[in-house]
Number of protein chains: 2
Amino acid sequence: MVKWGNVGNVVNVVNVGPPFNPLSFYPFYPFAPLSFYPSSWLYQISQYFGFLLFTFGVMKIIIAQQNYHIGNFEANTARILSAIADAKCVGADLVVFSELAVCGYPPRDFLEFTDFIEQAHAALAVISDAADTIGVLVGCPSVNPEAKGKNLYNSAYLLYDQKIQGIVHKTLLPTYDIFDEYRYFEPAAKWEVLEFKGKRLAVTICEDIWDLEDDPLYRMCPMDELIKQQPDIMINLSASPFDYMHAAGRKGVIRKNVMRYNLPMIYCNTVGSQTEIVFDGGSIAMNSNGSIIAELPYFAEAMQVVEWDDDGLSADSPTAVVQTEESVVIKTLMPEMNISQIHSALLMGIRDYFGKMGFDKAIVASSGGIDSAVVLALACEALGAGNVRALLLPSQFSTNHSVDDAVQLSVNLGNQYDIIAIKDVFEAYEQALHPVFKDLPFNVAEENLQSRIRGAMVMALANKFGYILLNTSNKSELATGYGTLYGDMAGGLGVLGDLYKLQVYALARYINRDSEVIPQNIIDKAPSAELRPGQKDSDSLPEYDTLDPILFQYIEHRQGPAEIVRKGYHAALVGRILKLVNNNEYKRNQFCPIIRVSPKAFGMGRRMPIVGKYLG
Amino acid sequence: MVKWGNVGNVVNVVNVGPPFNPLSFYPFYPFAPLSFYPSSWLYQISQYFGFLLFTFGVMKIIIAQQNYHIGNFEANTARILSAIADAKCVGADLVVFSELAVCGYPPRDFLEFTDFIEQAHAALAVISDAADTIGVLVGCPSVNPEAKGKNLYNSAYLLYDQKIQGIVHKTLLPTYDIFDEYRYFEPAAKWEVLEFKGKRLAVTICEDIWDLEDDPLYRMCPMDELIKQQPDIMINLSASPFDYMHAAGRKGVIRKNVMRYNLPMIYCNTVGSQTEIVFDGGSIAMNSNGSIIAELPYFAEAMQVVEWDDDGLSADSPTAVVQTEESVVIKTLMPEMNISQIHSALLMGIRDYFGKMGFDKAIVASSGGIDSAVVLALACEALGAGNVRALLLPSQFSTNHSVDDAVQLSVNLGNQYDIIAIKDVFEAYEQALHPVFKDLPFNVAEENLQSRIRGAMVMALANKFGYILLNTSNKSELATGYGTLYGDMAGGLGVLGDLYKLQVYALARYINRDSEVIPQNIIDKAPSAELRPGQKDSDSLPEYDTLDPILFQYIEHRQGPAEIVRKGYHAALVGRILKLVNNNEYKRNQFCPIIRVSPKAFGMGRRMPIVGKYLG
């Protein structure tokens, strides 16, 4: 679904689409078939008003904020061609796509395959053919022709008149957190503006505009080079991911650039989730005085027409979805956060994981606790309750209210659920193990065994009926190792693995903002794994009010024990918690991908030695 | 255990040690207590021959090839101090340690903690105090004092007279495969030789000397800068890992450097396993004519005295362990390999994982198949049969000979074993699942369930008795997804995950080189998971003779489908196999660390999108 903003001074249509409402039919869905695109409809309008669309002295630029599928050249090319067709229909001069749009971002080690690069260039040739009367700026890897350095560049191609008119390479290659760009790419070593229809475009790629700090991460700044060639505009192709501390910063960075170089900027970001990384869109057109001309939606595909003349950029109807939700204070020493953004990111994370993997249906082990309740509610919202199944797996230690709460939750959500008690299977294990265990007392071995029985049960349904198991572990548990490998740590996608327990509660309250979806009792009761009589999380862990801020200082802020103690915590407590975090690296190493919403998620963005001894 | 080579022209002792034989007592063991070191004994010798040790015009350099523990500053510092003490005893002028010796390599994201860097520098201060009458060259991260660039350098410190006499920074930062150095470090931007006792030392760090190719990976070459300052010798501090195609190349690189710059080189490598990465030692002293003066042992700690005068380097008794084992041809299109090296690497991988994690005891699910047999044999050799337990978990589909073979194996090895049939537990699951499964036919759900019962059983013993589960999956299975998550894919360490099935057979034959440790029947019979009646691997997969070379071309050589087909395979078969590899990324993502012996192991060195579509 393409959501159109301003389509010019003449034809001013917002949210143009086919006669039916595509938003309700195809919300965020990554792979709209070509026929859903409004090309033919727009084509008719452009035919009608055709003569008016030829304005002089004005350049019409389209920002195409799209959701790609990594390595799926067929789908990505179709998507790009469709946007080019639409852009032609409104008489655009130039259409701008995001970083590495042709292959999807991040392509990771696919880039090491010559075959993959050849496929990308075959796709680029097809796109180039479509760039006949319209300019196209699109991201694609290019081969470094020099003998020295890495084999590839992360490049932006200017296509026009069915030819490559120019290429620029990315200079600043983020190689931190989830980013590995210097693994693949040589940084640019020369900088040239691209000429297009008599204008000089300073084209940069993502990180290239991000290093205007007092303490820069890189030794040089590509825009400082480009500005010497007196460009008329800055255009940045990005793949800039969401996190709950990052979204606001992006506008600030763009503003810093337009003010510093006294130029307007077109900033085109990608959108959509790629395994664990959520790209939130929010592309922007900004004038050199810092005013926002257009702000594209967050967590949705969209296109936007911007007109550019001697007075700068203009757009009749910015499509920005104003996010009114107030930021919520979770706890001292933890950041305020916009829960509605996190909610949108998780929905997109689930939806794109399923959509791009070709899956429809999810299963959740529903315990009557807060984590599985939130995951189940998110899954039903993302995939439709008809595609979600809950499995309740009470043990001999489960309380009645847990089962009742879990049942009520599924009744509220309208998803299918089953109840299978695990007691008999547990006893069969006990009997089989008795010759070896003899009369050794019940301990963590039996607790883990029950969790693993649940894991095996829910995977049996997943395998039998084609469900994907959504994991329900939260970040507090994963940090401290309070979970069972192959038991409650099983699953294909970690929905809450980047939210601390206190943040999960805030999300539960947000889900209940209009009505009680999650039974209040689930939110109110004390958390428990129910693996032994009367067990509570607080038997093994500090209260989450204490635990979570300490974890946040250590994980997100990379503070050491002394720095955390200075914030007012007991040294012994801090030492104990940090030791838990470091000693459980081996468990997290076997965990599924986690939808990333924080600036430091477990997974590919946090790479710790397993066999190490620091603070352990 | 420190194995001494030549300790000078005067005191010529090979394999100096305490009166008892430390090799038999402490083979490769990473954390010898200080008292095991031969300091006091050597001290006595040096006192006796003391006057003779002062030679003039000769510089005595010690190469200290040691095994560090990442982040364990106490242990690493003790180890380094002990070597300094030993070096003083033999009147050495300079002792050379390996790359990032102070904190261990690779420290990964520990480097992002200011506290970690402060601890490293506190350790460096202690080492500096010991460097009073002796020079010490040691690797340690340093803080970049400039505002621009990354915060750290990967540095080598020259300590002498209890002061820092000089620092050099690494220039070429490997950022490929398992290496992430540009994630943390700024490359050096200036190059200066270090002056020591009137000599000019060209000190480089690992990768700095590796880029003398026609198609260099980097734009500059640090030795080309240093040579302008007319150094007298090259000294390289390395952390260069083993793989079965890399070991031979290392000597070639050193030779290329000494010939090109017409200088001798001291090359000090680290040794020991760090989770998945095995460092094999093999430090070298080479004269400018390319002759090897000393070659330190592989897969063992060692120290070596080298004398350096106007005629170049000399050493009386090179300690090299000559590896006589012939390379074995596995199969056309797969590399010849030295199985004895792989065997040593896996033993060190197991031993160091357990030693550094503080574990003693391993458990293996022993199926009567080749993979678990090889893992069990390796575990017994690495940890001692008394520390290894086998669990036989026959299903209703297991053949009698499988159990017999597995029993015979444990009898041969002398390890404890138990037999627990899984049939009753499986039936309890079937009964519990019946209300949901109804009468749906037996399929992959039930096959996986049996594998998961085995996983839960062996983990129950692991949890109850404190064993670490060694995983037995081979690379062919992991590549094609022929394994069950949370079942046979469970475990803390993947012993065979970097060896294709054909290579596992070669290793089994090597283990049986002197006597039949692994029953011949295990080697001879057709591989089967025994999860349904009469099942064979070849029902689901091509024969390993065909599969493995195709996997090798794709995974190790990064060849695309067309290139592999050109080597003589059917396009449909190649397409099917490559699709299996790419579609099973999600399984490997949840797999434990794999001891790396190939140039491209699954895990941190191979980073593929999970949600992707390339060849899938």
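**Entry 1: the two copies.** I began by superposing the chains of this predicted model, and found that a rotation of 180° with 0.0 Å of shift along its axis places chain B on chain A, with an RMSD of 0.0 Å. The two copies are therefore related as by a two-fold rotation axis. I then checked the contact residues and noted that the same surface serves both copies, since 100% of the contact residues of chain B recur in chain A. Which residue of chain B comes closest to the rotation axis? I found that this is B:Gln590, whose C-alpha lies at 2.1 Å from the axis.

**Entry 2: the core.** Next I looked up the largest nonpolar core, which has 323 residues, and I noted that A:Phe97 and B:Phe97 are those with the most contacts inside it. For A:Phe97 I listed the contacts while leaving aside its neighbours within four places in sequence, and among them I found A:Ala64, A:Tyr68, A:Ile84, A:Val138, A:Leu237 and A:Cys268.

**Entry 3: a hairpin in chain B.** I followed strand 10 (residues 271–274) of chain B and saw that 4 bridges join this strand to strand 11 of chain B, the two running antiparallel. Within this pair, B:Gly272 stands opposite B:Phe279 in strand 11 of chain B. The hairpin has 2 residues between the strands, and here I noted that B:Thr275 takes a positive phi near 55°. Are the residues of strand 11 (residues 277–280) of chain B buried or exposed? I found both faces covered, with B:Ile277 and B:Phe279 buried on one side and B:Val278 and B:Asp280 buried on the other.

**Entry 4: an open sheet in chain B.** I wrote down the order of an open sheet of 5 strands in chain B as 18-17-16-19-20, with parallel pairing. Strand 18 (416–419) and strand 20 (493–494) of chain B stand at the edges, each with a single partner strand, so one side of each is left without a neighbour in the sheet.

**Entry 5: one threonine.** Last, I looked up B:Thr204, which lies in strand 7 (residues 199–205) of chain B and is buried, with a relative accessible area of 2%. Leaving aside its neighbours within four places in sequence, I found B:Thr204 in contact with B:Ile209, B:Met223, B:Leu226, B:Ile235, B:Asn236 and B:Leu237. I also noted that B:Thr204 and B:Ala156 are 48 residues apart in sequence and 8.0 Å apart in space, C-alpha to C-alpha.

Technical notes: Residues numbered from 1 in each chain as written. Chains lettered and ligands numbered in written order. Predicted model: local features only at pLDDT ≥ 70, side-chain atom pairs only at ≥ 80, totals over all residues. Heavy atoms only, no water. Pairing = 2+ DSSP bridges. Least-squares fit on C-alpha atoms with pLDDT ≥ 70 in both. Contact = heavy atoms within 4.5 Å. Buried < 20%, exposed > 50% of the residue type's maximum accessible area, 1.4 Å probe, protein only. Core = buried A, V, L, I, M, F, W, Y, C linked by side-chain atoms within 4.5 Å.
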